[in-house]
Amino acid sequence: MKCDAVIEKIKARVAAIDPNGPRKVLGVFQLNIEAADGMHEIIVDLKGLKVSDGKASSPDVVINLKDEDFIAIGTKQIPVKDAVAQGKVSMTGDQNLFQALCALGHVAAVQEPQSVVMSLETVIEKVKARVAAVDPNGPRKVLGVFQFNIKTASGVEHYVIDLKQLKVEKGTTTTADVTVTLSVDDLIAVSARTLSVGDALTQGKLEIQGDATLAAKLAEVI
């Protein structure tokens, strides 16, 4: 879906909520999103702190809207109340709860072409959600620090994926076990599994420096 970045932002923020701490939003949301490839049903459970595909048995709020309208709301191009007034959103339940949910999924406006930036953010947010879901006391499949240098139309974006400390940050590090350099399009393709790490290497689309054993697990990172 076009609004995947909004959904991934919500997943990452839900995963980061302290279950024992205070909650700003407490409810179960049923999102029915009409996209080009059909209807997508998503449950955002802020009581149980999980986001999943499917239909909730007893949601507090049910929201029906189109893919592009969810993007517009998630990027604050249109306020929730205006979207409802204009018939872009059909909902039952507490509108204030929906507004709070959209705040969880807010994606900052950017200057690059939206399709590229949103897709890059989707990948990063997916990684953040995965890292946030790792049990720090449990077994780890991958343990290392990855420096990603991502080439975009406006320059190089740098991200550090630290699977030792379980954090993902924008920037660079001098302690990377593996340094990965590739274009944003190839990063998206690898993350979407339309391009394998092996093929990216042989085609010269991917440069890797550092620990070969960790580098071999790159697909598990993104």
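Sheet and helices of a predicted model

User: In what order do the 5 strands form the open sheet?

Analyst: This is a predicted model, in which local features need pLDDT of at least 70, side-chain atom pairs count only at pLDDT 80 or more, and totals for chains, interfaces and linings use all residues. Residues are numbered from 1 along each chain as its sequence is written, and side-chain values use heavy atoms, with hydrogens and water left out. Strands (E, at least two residues) and helices (H or I, at least four) are DSSP runs numbered from the N terminus, and two strands pair if DSSP finds at least two bridges between them. The pairing is mixed, and the order is S3-S2-S1-S4-S5.

User: Which strands are the edge strands?

Analyst: An edge strand here pairs on one side only. The two are strand S3 (50-53) and strand S5 (89-92).

User: Are H1 and H2 parallel or oblique to each other?

Analyst: Axes are lines fitted to C-alpha atoms, for helices over the stretch in contact (heavy atoms within 4.5 Å), and angles run from 0 to 180 degrees between N-to-C directions. The axes of H1 and H2 come within 8 Å and cross at roughly 55°. Angles under 35 degrees count as roughly parallel, over 145 as roughly antiparallel, 65 to 115 as roughly perpendicular and the rest as oblique. H1 and H2 are therefore oblique.

User: Which residues in H2 do Val6, Ile7 and Ile10 meet?

Analyst: Val6, Ile7 and Ile10 belong to H1. Their partners in H2 are Phe70, Ile71 and Gly74.
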